[in-house]
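This report looks at aromatic ring pairs and nonpolar cores. The structure is shown first.

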Amino acid sequence: EVRRLFAEGRLEVGAAYVDRWENLVCGETLIRNIQIGQQVLAKRLGLRTRLVIHPDLPGLNTQMAQICAQSGIDFYVTARKMFQEGRIWRLRGPDGSGLVVMTWPMFYVFVPFSQADIPPHPGRNFTRGRTLPLEGLEGRYPLGHVGISAGAGDLTDSGQFQSAYGLDVRELLENCRRRYPQTDWGFGIAADLLAPYAEADAPPIVEVTETIPSVWGVGATEDFRLITAFRRNEALLLAAESAAALAMLEGRAAIPARTHDWRGAYGEIAFFADAFCSHDDSPASGTELDWLW
């Protein structure tokens, strides 16, 4: 079924096998992440993808452009890094390699043109009143196709989308077609949307040539003990993700209810207090870095 949908252009698979904090792990880790992802796709599914999907973690190493180019990958989809208003842009590596990047507007959730597009409902979506900025849309998407996520957050399924937005995603798109007759709403895959930007006659797009640092206050130049701690945490995270997947296969909850009170080793969850927590203990404006450390 996956092979069929892939061949029909209705499904795409990213080459990387796990989200990675690209300016904290070593270069060999970045290379193997793509290499192993491509090998598994080829061996298990007979597929070769041109795409990396890395939705959540901040930071982007400039050399990802050349790592991807040498792996046959042309496109990179993310939801953080920069350009939070949504944009198609190019990461240019030190060797001149170009990687066409699409940043979803505001993380990897459905963001409407107007909050009136979302019916009143008791559920909670992640937009928190924000909308897709229309100003400068042509500059951000020169060919006129805007990529918006049709998801409602991590591990979304159609039921979660309906509880978050009050409508099935197909119904929501039908409403948008009626409300915005000058637009053409539909489903597509990122590789098709980005492919024209890799052609020789592609319109100019913004280019970034420097490494994008983490937005969470840490970087590879910090104390070595911090890097060691992150490696340990990364191992624990991979174990936890594996346990969650096994729990789901057994029909159990992926995350035990008691973990929802966890506030992070450094209190980092407080940065998202208004989205995830019942009370707000975020740092005062202008004191974020001092507060973090």
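Predicted model: local features only at pLDDT ≥ 70, side-chain atom pairs only at ≥ 80, totals over all residues.

## Aromatic pairs

Searching the whole structure gives 8 aromatic pairs. In one of them, Phe110 and Phe161 have ring centres 6.3 Å apart and planes at 80°; since planes over 60 degrees apart count as edge-to-face, the pair falls in that class. Phe110 sits in the loop between strand E4 (98–103) and helix H4 (137–140), while Phe161 belongs to helix H5 (residues 158–165), so the pair links parts of the chain 51 residues apart. Phe110 and Phe161 are both buried.

Phe113 and Trp185 also form an edge-to-face pair, because their planes stand at 75° with the centres 5.5 Å apart. Phe113 is in the loop between E4 and H4, and Trp185 is in the loop between helix H6 (169–179) and helix H7 (190–194), 72 residues away. Both Phe113 and Trp185 are buried.

## Cluster and charge

Ring pairs join Phe110, Phe113, Phe161, Tyr165, Tyr180 and Trp185 into a cluster. Elsewhere in the list of ring features, Arg87 lies over the face of Phe83, 5.1 Å from the ring centre.

## Nonpolar cores

The largest nonpolar core contains 36 residues, and Ile88, Met102, Phe110, Tyr165 and Leu194 have the most contacts inside it. At least two residues of this core come from each of strand E2 (75–78), E4, H5, H6 and H7. A second, separate core has 20 residues, including Ala15, Ile67, Cys68 and Ile73.

Beyond its neighbours within four places in sequence, Tyr165 contacts several residues, among them Phe110, Ile118, His121, Thr127 and Leu172.

Key. Residues numbered from 1 in each chain as written. Heavy atoms only, no water. Phe/Tyr/Trp six-rings, centres within 6.5 Å; stacked < 30°, edge-to-face > 60°. Helix = DSSP H or I, 4+ residues; strand = E, 2+ residues; numbered from the N terminus. Buried < 20%, exposed > 50% of the residue type's maximum accessible area, 1.4 Å probe, protein only. Lys NZ or Arg CZ within 6 Å of the ring centre and 35° of its normal. Core = buried A, V, L, I, M, F, W, Y, C linked by side-chain atoms within 4.5 Å. Contact = heavy atoms within 4.5 Å.
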